[in-house]
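I set out to record what I looked up in this structure, entry by entry. The entries follow the order in which I consulted the model.

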Amino acid sequence: MKLIFIRHGDPNYEKDCLTEKGRREAEALAKRVAGWDITAVYRSPLGRAQETASYSLKALRKEAVTLEWLKEFAIPVVDPDLGEKYVPWDFLPAYWTAEPKFYDKDHWFEAPVLQTAKTDIKAYYDEVCENLDNLLSEYGYLRTNGYYQVTKHPEKEDILVFFCHLGLSYVCLSHLLGISPSVLWQSFFSAPTSVTILGSEERVRDKAGFRCQVLGDTRHLADAGIEISMAGYFADVFQQ
């Protein structure tokens, strides 16, 4: 099985849509996606992800299933430096690296700043992970003690594509790979329309785990001569 997470294009967050640059990114992405032999496409209900997916869906001549749980994991917390409500990542390095709980896959949500959220962030995280596991179970992958029991072996490998968001995709990766989401949120960057691929490995019959094959690939932008957007990043992005 392959799980492909695609971040939406360059966003206009205020209007929840794509910028003109984001639309050009989505067009370039669609040319790449058009040749994929995809089993199913899922997308976030948010406008920027819906719009990004629409270009690829047209190229694929496919429909997508909209899943509410694929919306951005934007539970506001009180930023420790600014004192303002903000997403639960992008903290300054001197702050988050001093808190051991951020690194702990079983206790990351106990970090003091994450406790300032009015929503139970761990309960919401668990809900997303449960929904992901329920979806994978439909394809014969049953979560068992951190790995997946495989109950179906289709003739053709299933490839699932998710058009969603940076924060949400890292929640899914943290669950599949056994990593604290805070480490991914703070230390990795996936540019708009970037492609992240996880593949299952079944080295023992009927028992599978997932490995990240590609994270944040943007080759379609280079092929189209489009600069990588830095939305969600705080320095220059390497363009070559």
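**Entry 1**

I located Asn-145 in the loop between strand 8 and strand 9. I took helices (H or I, at least four residues) and strands (E, at least two) as DSSP runs, numbered from the N terminus. The model is predicted, so that local features need pLDDT of at least 70 and side-chain atom pairs count only at pLDDT 80 or more, while totals for chains, interfaces and linings use all residues. Residues are numbered from 1 along each chain as its sequence is written, and side-chain values use heavy atoms, with hydrogens and water left out.

I noted that phi of Asn-145 is near 55°, a positive value in a residue other than glycine. I then looked up its accessibility: Asn-145 is exposed, with a relative accessible area of 78%. For this term I used over 50% relative accessible area as exposed, under 20% as buried and anything in between as partly exposed (1.4 Å probe, protein chains only). Strand 8 and strand 9 form a hairpin with 2 residues between them.

**Entry 2**

I found strand 8 (residues 141-144) joined to strand 9 (residues 147-150) by 4 bridges, in the antiparallel sense. Pairing here requires that DSSP finds at least two bridges between two strands. Within this pair, Arg-143 stands opposite Tyr-148. On to strand 12 (residues 207-217): 2 bridges join it to strand 9, again running antiparallel, and Tyr-148 has Ala-208 as its bridge partner there.

I next examined Arg-143, which lies in strand 8. Its relative accessible area is 32%, and Arg-143 is therefore partly exposed. Leaving aside neighbours within four places in sequence, Arg-143 is in contact (heavy atoms within 4.5 Å) with Asp-133, Tyr-148, His-175 and Leu-176. I also recorded that Arg-143 and Ala-208, 65 residues apart in sequence, are 9.5 Å apart in space, C-alpha to C-alpha.

What is the order of the strands in the open sheet? I read it as 5-4-10-1-11-12-9-8, with 8 strands and mixed pairing. The edge strands are strand 5 and strand 8, each of which pairs on one side only. Helix 4 (residues 121-138) packs on the sheet, touching strand 1, strand 4, strand 8, strand 9, strand 10 and strand 12. The direction of helix 4 makes about 135° with that of strand 8.

I followed strand 4 (residues 40-43) on both sides. It pairs in the parallel sense with strand 10 (residues 159-164) over 4 bridges, and in the parallel sense with strand 5 (residues 65-66) over 2 bridges. Tyr-42 stands opposite Phe-162 in strand 10 and opposite Val-65 in strand 5. In a regular strand the side chains alternate between the two faces of the sheet. In strand 4, Ala-40 and Tyr-42 point one way and Val-41 and Arg-43 the other, and all are buried.

Strand 1 (residues 2-7) and strand 11 (residues 195-204) pair in the antiparallel sense over 5 bridges. In this pair, Phe-5 stands opposite Thr-196.

How many of the 12 residues of helix 5 are buried? I found 11 of the 12, so helix 5 is largely enclosed by the rest of the structure. Among them are Leu-166, Tyr-170, Cys-172 and His-175. I checked the span of helix 5 (residues 166-177): at 1.5 Å a residue it should be 16 Å, and the end C-alpha atoms are 16 Å apart, which agrees. The expected span is 1.5 Å times one less than the number of residues. Just after helix 5, Gly-178 takes a positive phi of about 75°.

In helix 6 (residues 181-187) I looked up Ser-182. Ser-182 counts as buried because its relative accessibility is 0%. Not counting residues up to four places away in sequence, Ser-182 touches Phe-102, Trp-108 and Leu-114.

At 24% relative accessibility, Asp-16 counts as partly exposed.

How values were computed. Axes fitted to C-alpha atoms, helices over the stretch in contact; angles between N-to-C directions.
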